[in-house]
Amino acid sequence: MLFNAPPGDFAAGDRGTASIPGREHEFAAGFTTALRYAQLLRCPRIHVMAGVVPPDADAERRARQRSTLVRNLRFACTEAAEQGVTVLVECVAPLHDPVDAARVIDRLIEQLEPLLGALLSLCEL
């Protein structure tokens with residue numbers, strides 16, 4: 001069993017805030033709320049939605065989003081570990097570059113293991 005942390009403004013195109021520079025406080029507040037729900041419901045996993053990298057993002061923007069994602073996931077994993085909750089991220093990528101997204105997830109897991117896991121959504125295959 002798992003549930004999603006808040007995705008941001010889904011109607012505006014947000015698919016998470018974990019990688020979005022400048023929205024770190026929003027991510028932390030949303031994750032803290034999700035963690036409270038996890039405690040109440042005894043849910044052992046929370047899916048963190050990373051956010052979208054714009055297709056026209058340059059290397060600097062991509063690097064900023066990656067570093068923001070790592071910092072936010074480190075925060076989430078630390079908070080969740082205190083409650084015995086595992087944080088999950090999903091490898092969602094544009095069809096033209098799914099391998100890069102998988103590499104990013106692999107590096108994140110290496111950095112944050114054993115506090116972070118990967119989520120595979122079979123309905124998207």
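Phe 27 and Phe 31 sit 4 residues apart in helix H1 (residues 24-41), about one turn of the helix. Helices here are DSSP runs of H or I with at least four residues, strands are runs of E with at least two, and both are numbered from the N terminus.

A quick word on what you're looking at: this is a predicted model, where local features need pLDDT of at least 70, side-chain atom pairs count only at pLDDT 80 or more, and totals for chains, interfaces and linings use all residues. Residues are numbered from 1 along each chain as its sequence is written, and side-chain values use heavy atoms, with hydrogens and water left out.

Back to those rings. A pair of aromatic rings is described by the distance of the centres and the angle of the planes. The structure holds 1 aromatic pair. Phe 27 and Phe 31 form it, stacked, at 6.1 Å centre to centre with 20 degrees between the planes. For pairing, ring centres of Phe, Tyr or Trp (its six-membered ring) must lie within 6.5 Å; planes under 30 degrees apart count as stacked, over 60 as edge-to-face and the rest as tilted. Both Phe 27 and Phe 31 are buried, that is, under 20% relative accessible area, with exposed meaning over 50% and partly exposed in between (1.4 Å probe, protein chains only).

What lies over the face of Phe 10? That would be Arg 15, at 3.6 Å from the ring centre. The rule is that NZ of Lys or CZ of Arg is within 6 Å of the ring centre and within 35 degrees of the ring normal. Leaving aside residues up to four places away in sequence, Phe 10 touches Arg 15 and Met 49, a contact being heavy atoms within 4.5 Å.

Then there's Arg 42, which has a positive phi of about 55 degrees although it is not a glycine.

Zooming out, the protein chain has 3 helices and 4 strands, running β-α-β-α-β-α-β from the N terminus on. Of its 125 residues, 34% count as buried. Among contacts between residues at least 6 apart in sequence, 74% join residues at least 24 apart. The accessible surface of the chain comes to about 7,500 Å², with 56% of that belonging to carbon and sulfur atoms.

Key
Accessible areas come from the Shrake-Rupley method with a 1.4 Å probe; for residues, only the protein chains shown count as cover.
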